[in-house]
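I opened my notebook to write down what I looked up in this structure.

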Amino acid sequence: MKEFDYVIIGGGCAGLSLAYELEIHEKFKDKTLAIIEPRAEYKRDKTWSFWKVIPHNFDDCVKKNWDNFSINVPGKTNYLECKDYPYQSIDSGLFYQKINNRLKENKNISFFKDIAEINTKNSFIFNSVPEIKKSHLNLWQHFCGVEIETKNDFFDEEIFNLMDFDCEQRESVHFFYTLPFSKNRALIETTWLSKMNDSSQKDYNNQIKEYIEKLLKIKNYEITYKEEGAIPLFYPVYKKEKNKINIGTAGGMTRLSTGYTFLNIQEHCKFIRENIENISRTSKFEIGKKYQFLDDIFLRVLSRHPEKMSGIFFNMFKTSPKTVIKFLSNKSNILEDLSIILKMPKWIFIKALFY
Ligand SMILES: Cc1cc2nc3c(=O)[nH]c(=O)nc-3n(C[C@H](O)[C@H](O)[C@H](O)COP(=O)(O)OP(=O)(O)OC[C@H]3O[C@@H](n4cnc5c(N)ncnc54)[C@H](O)[C@@H]3O)c2cc1C
């Protein structure tokens with residue numbers, strides 16, 4: 001069986017981002033890589049969005065940038081600017097195509113469907129397949145989105161809606177998220193923060209139909225794309241092993257309070273590339289400890305007081321949007337953290353700190 005210097009398990013966002021980062025920095029000139037990915041074909045399956053707080057390799061896969069956004073709770077809307085850190089949406093179809101086209105040109109890179117096809121005894125492994133321990137206590141962000149094309153121009157393409165809480169909450173946290181790619185094309189997602197075992201929230205098609213037709217009052221439209229998924233708002237199992245590190249969601253790259261993962265993956269890939277020659281002795285890359293600590297408290301509040309969360313998110317954005325964006329993207333300083341913390345309901349958060 002063939003052996004490789006490096007093996008990437010899972011050719012999804014993290015696996016391909018890492019392979020691409022190493023390839024463009026010429027790390028496979030005299031090293032070999034095997035990518036293990038079971039999917040039969042690559043097609044668009046996700047839309048990765050984030051505030052661009054750092055440079056990344058995929059500007060040419062961006063569907064749209066926005067400098068303005070809104071957030072609303074029943075009866076109130078806050079309009080905000082994000083010129084310093086534009087919000088970007090990446091089309092996963094373009095991302096997969098760009099990376100695979102590049103990787104296929106390097107004969108030192110091979111693709112397999114199953115790890116059993118190769119010998120990994122002497123390889124360094126980057127694993128992106130998470131080991132999830134099922135627990136009824138764990139919170140998930142689960143969602144379903146559709147891209148629609150309307151017959152007539154309907155959307156203001158200059159502003160996206162980050163969170164619209166003006167919808168049924170069903171004793172959880174629920175909001176809609178709208179990304180208008182043009183005047184007549186938008187991605188609309190129904191998003192829940194809740195315990196995954198609650199299947200009563202999975203009537204996604206009805207939720208989306210009602211939102212589009214009753215709340216937005218759009219009559220003539222066609223669904224052109226659909227995505228569905230769930231992001232664990234807890235860290236998957238991570239066993240320390242000498243010749244293996246986890247990447248992506250499996251590697252703890254999801255910011256637990258928000259589900260944002262894409263840019264953390266890119267930072268992790270850069271860190272690996274900078275340390276690749278010494279990778280088995282390099283320390284673990286993590287999202288900053290202060291964010292892990294604050295997110296833990298935040299999620300405790302969320303699971304105990306879901307009914308308060310729309311107000312908490314709304315108030316958070318009363319701080320300067322630049323500060324909130326930096327905080328949500330792990331780039332805030334201590335003063336910025338404090339200004340966010342001061343916007344939180346103090347007693348509830350203090351109680352969550354202690355139990
Ligand atoms: C629908 C959706 C939308 C999201 N939107 C955003 C967003 O807007 N912004 C953001 O920052 N984050 C977002 N996320 C979170 C996160 O960015 C993505 O989940 C991202 O794809 C995580 O990358 P990953 O490589 O860890 O996992 P994946 O991209 O899921 O890659 C894992 C790969 O492993 C493969 N695999 C599975 N089993 C095996 C096996 N046994 N052996 C080998 N390979 C295997 C899978 O086929 C897959 O290709 C979203 C997540 C989902 C599900």
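The entries below follow the order in which I looked things up.

**Ground rules.** I noted that this is a predicted model, in which local features need pLDDT of at least 70, side-chain atom pairs count only at pLDDT 80 or more, and totals for chains, interfaces and linings use all residues. Residues are numbered from 1 along each chain as its sequence is written, and side-chain values use heavy atoms, with hydrogens and water left out.

**The ligand.** I looked up the surroundings of the ligand and found 28 residues, of which the closest are Ala14, Glu37, Arg39, Ser49 and Thr261; a residue is near if one of its heavy atoms lies within 4 Å of the molecule. I then looked for polar contacts, meaning pairs of N or O atoms within 3.5 Å. A backbone N or O atom of Phe262 is 2.9 Å from a ligand oxygen, a polar backbone atom of Thr47 is 3.2 Å from a ligand oxygen, and a side-chain N or O atom of Trp48 is 3.4 Å from a ligand oxygen. On its own the ligand has 970 Å² of accessible area, and the protein covers 79% of that (Shrake-Rupley method, 1.4 Å probe).

Which elements give two or more residues to this shell? They are α1 (13-24), β3 (47-51), β14 (221-232) and α4 (262-275), and β14 gives the most, with 4 residues. Helices (H or I, at least four residues) and strands (E, at least two) are DSSP runs numbered from the N terminus. By class, the shell has 12 nonpolar, 11 polar and 5 charged residues; Ala, Val, Leu, Ile, Met, Phe, Trp, Tyr, Cys and Pro count as nonpolar, Asp, Glu, Lys and Arg as charged, and the others, Gly among them, as polar.

**Helices α5 and α6.** I looked up the axes of α5 (residues 289-304) and α6 (residues 309-316), which come within 10 Å and cross at roughly 140 degrees; axes are lines fitted to C-alpha atoms, and angles run from 0 to 180 degrees between N-to-C directions. The two helices are therefore oblique to each other (under 35 degrees is roughly parallel, over 145 roughly antiparallel, 65 to 115 roughly perpendicular, and the rest oblique). Phe298, Val301 and Leu302 of α5 meet Met309, Ile312, Phe313 and Met316 of α6, where contact means heavy atoms within 4.5 Å. This contact has 7 nonpolar, no polar and no charged residues.

**Helices α7 and α8.** The axes of α7 (residues 321-328) and α8 (residues 334-341) come within 10 Å and cross at roughly 105 degrees, which makes α7 roughly perpendicular to α8. The residues of this contact divide into 3 nonpolar, 2 polar and 3 charged.

**A loop residue.** Asn330, in the loop between α7 and α8, has a positive phi of about 60 degrees although it is not a glycine.

Definitions and conventions. Polar contact = N/O pair within 3.5 Å; in protein donor to acceptor, adjacent residues only side chain to side chain.
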